[in-house]
Amino acid sequence: MKSFILLALVLTSVHVTTAGSAAHRCFCQVTGTLDDCACDVETIDSFNNKEIFPKLQKLLSSDYFRFYKVNLNNPCPFWTDHSQCGLKYCAVKPCTECIWHILVLLDVDYFPPQYSEAASQDIEECEKAEKLGAVDGSLSDETRQALQEWKKHDDESDRFCMLDDEDSPKSQYVDLLLNPERFTGYKGPEAWRIWNSIYEENCFKPYSVKRPLNPLASNSGLCVEKRAFFRLVSGLHASINTHLSARYLLDGKSRLWGHNVSEFQQRFDEELTEGEGPKRLRNLYFLYLIELRALAKILPYFERPAFHLYTGQRTQDNENKKLLLELLHVAKSFPLHFDETALFAGNKKEAMKLKEDFKMTFKNISRIMDCVECFKCRLWGKLQTQGLGTALKILFSERQIEAMPNMSNTNPSFQLSRQEIVSLFNAFGRISTSVRELENFRSLLSNLKQ
């Protein structure tokens, strides 16, 4: 491990020199209490890294949580041009030799005769030519059949709502472990347009904000609910940037992935970001508290004897539920939870209007993810926005969840689909990983300083 860190430092040394004096500051030392919260950063770091992160990673490696159904073929609903990511690592190459990958991506079971022979001969070459931004959608026949059985089991229960990706004929199951979130090279005007649309058109932005990707310190003019929404989006943005910096392609020839200190500094250094970097990281911690609170609140739903993490493997399913409940009890034990009662607690009519605004705005942000040209970025963007949306749904449904133990299991007042459950925990897994990676970057920067 030490040798890998040293190698990563050597490989990133060129990038670090471009940051000038920033290399000698541990700028990511975000400390103290968070706005709108009674919690402090140090408590979150210790709790996440020691208590939550190890258990969560084990849970997310199980079959129930590793498969996510997603439609990567929806057209962008907000602009009509069909530009594609210009970098070679962003998308599946649309060529005859890669038709096998395209068919798998589209979840097509039938191979056209003119392509079947070429596909069978070129599978190995296609796998070698796979780019960083491509989604590996290959699943065995046995796995596909099992997933259909899982869905059949879940469809027997009532649904809270219908999910477009889950019901679309163009959707496919993707193995998240085969498609880790990491650097793809997707950036520039195309990526900026995505975040600009989110911040400028679909986010409750502080009145003082002039530039969407450089939100100023003041949140004046916003009520606590709208300020919270803005901070959630900013926190999600910061978390994604942390992942890309932590799993950066350091050497393309040897496929060496690691921490790019310079990339991290460009996004979060206080001086290089004109004071915005630490605020972005504080919003990441705020997002962590919101999703952690949702996990604590949802415990009664999963404690029901009728609930199963069904994959058809009874022993493993029982073990996974035991691990899930253990994780949720740990989440509930956190001493400084976010107080969601401060949200939507005013005038009943105004509170209901704010809730509806939240829902409509968040759905719109989810649709923007269909405009992301990089398939792998689109996959994780859709999953994390759905996961955060599910967390908000839980916090908005506190009374229904609390009433569940006293109601019949045949008609519960609150429901989560398998899709929502998978996205909820994987999205929190991304935020938990980001908090853990901040400690790694602190260590790397400390070594540089010495």
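T390 is buried, at 2% relative accessibility. Buried here means under 20% relative accessible area, exposed means over 50%, and partly exposed is in between, using a 1.4 Å probe and protein chains only. T390 sits in helix α15. Helices (H or I, at least four residues) and strands (E, at least two) are DSSP runs, numbered from the N terminus. What does T390 contact, leaving aside neighbours within four places in sequence? L416, E420, S423 and L424. Contact means heavy atoms within 4.5 Å.

A word on the model. It is predicted, so local features need pLDDT of at least 70, side-chain atom pairs count only at pLDDT 80 or more, and totals for chains, interfaces and linings use all residues. Residues are numbered from 1 along each chain as its sequence is written, and side-chain values use heavy atoms, with hydrogens and water left out.

Now, the charged pairs. Side chains of opposite charge can pair when their charged atoms come close. The rule for a salt bridge is a side-chain nitrogen of Lys or Arg within 4 Å of a carboxyl oxygen of Asp or Glu. How many salt bridges does this rule give? Nine.

Take D45 and R442. Their closest N and O atoms are 3.6 Å apart.

Next, R430 and E181. Their side chains form a salt bridge, 3.3 Å from N to O. Here, too, distant parts of the chain are linked: R430 belongs to helix α17, while E181 lies in the loop between β2 (172-175) and α8 (189-201), 249 residues apart. R430 and E181 are both buried.

K382 is in helix α15, residues 375-396, and D370 is in the loop between α14 (348-368) and α15, twelve residues apart. K382 is buried, with a relative accessible area of 9%. D370 is buried as well, with a relative accessible area of 9%.

There is also a network. Salt bridges link D63, R66 and D175.

On to the recorded site.

Look at R182. It lies in the loop between β2 and α8. R182 is buried, at 17% relative accessible area. Not counting residues up to four places away in sequence, R182 touches L244, R247 and W257. H237 is in helix α9, residues 224-246. H237 is buried too, at 13%.

Last, the cores. In soluble globular proteins, nonpolar side chains tend to be buried together. A nonpolar core is a set of buried Ala, Val, Leu, Ile, Met, Phe, Trp, Tyr and Cys residues joined through side-chain atoms within 4.5 Å. The largest one has 97 residues, and I52, Y288, I298, F302 and F425 touch the most other members. Helix α17 gives the largest share of this core, twelve residues. Beyond four places in sequence, F425 touches residues including L56, F65, L295, F302 and L328. A second, separate core has five residues, among them F183, L249, L250 and W257.
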